[in-house]
Amino acid sequence: MDQRTGSSDRIEAARKAAGLSQRQLAEMAGIAQATLSRIEQDIRPAKMNEILALAWALGCPASELMACSGVRDRLECVARATEQSGMETMRGELGHYLELDAYLEDQGIAPQL
């Protein structure tokens with residue numbers, strides 16, 4: 001049985017999607033690399049201030065890194081993956097954009113299209 005909380009998976013996936021090493025992200029977020037490693041391994045949960053710092057460094061809303069996103073719960077994929085990406089990758093990318101859109105709307109920032 002997988003004991004990971006979900007936040008650890010999301011933080012690790014967001015870091016890898018940004019092309020950052022643990023050391024690079026830790027420096028950008030102002031936390032120790034050992035702390036980030038323990039968070040990603042789900043040895044200990046991230047504190048709220050750490051989630052906010054990581055989200056700021058990654059350029060994504062904090063809700064994307066937490067396992068309590070309302071957007072992701074409502075997300076259903078009706079699409080076909082290409083040969084280079086699987087459905088989970090596509091779902092993750094789509095969720096990222098939808099959460100960013102919801103975050104910007106919550107902040108009163110109108111779409112620029």
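Predicted model: local features only at pLDDT ≥ 70, side-chain atom pairs only at ≥ 80, totals over all residues.

Q: At what angle do the axes of H2 and H4 cross?
A: The axes of helix H2 (residues 22-29) and helix H4 (residues 48-58) cross at roughly 105 degrees and come within 8 Å. H2 is therefore roughly perpendicular to H4.

Q: Which residues make that contact?
A: H2 contributes Leu25, Met28 and Ala29, and H4 contributes Ala53, Leu54, Ala57 and Leu58. The contact of H2 with H4 comprises 7 nonpolar residues, no polar and no charged ones.

Q: Which residues of H4 are buried?
A: Glu50, Ile51, Leu54, Ala55, Ala57 and Leu58 are the buried residues of H4. They lie on the same side of H4 because they cover an arc of only 165 degrees around the axis.

Q: And what do they pack against?
A: The buried residues of H4 pack against helix H1 (7-17), H2, helix H3 (33-40) and helix H5 (62-65).

Q: Which exposed residues does the face turned away carry?
A: That face of H4 carries Asn49 and Trp56, both exposed.

Q: What happens just after H4?
A: Gly59 follows there, with a positive phi of about 70 degrees.

Q: Changing topic: is Arg15 buried or exposed?
A: Arg15, which is found in helix H1, has a relative accessible area of 8% and is therefore buried, the cut-off being under 20%.

Q: Which residues does Arg15 touch?
A: Not counting residues up to four places away in sequence, Arg15 touches Leu20, Ser21, Gln22, Leu25, Leu36, Glu40 and Leu58.

Terms used
Residues numbered from 1 in each chain as written. Heavy atoms only, no water. Axes fitted to C-alpha atoms, helices over the stretch in contact; angles between N-to-C directions. Helix = DSSP H or I, 4+ residues; strand = E, 2+ residues; numbered from the N terminus. Parallel < 35°, antiparallel > 145°, perpendicular 65-115°, else oblique. Contact = heavy atoms within 4.5 Å. Nonpolar A, V, L, I, M, F, W, Y, C, P; charged D, E, K, R; others polar. Buried < 20%, exposed > 50% of the residue type's maximum accessible area, 1.4 Å probe, protein only. Arc of directions from axis to C-beta.
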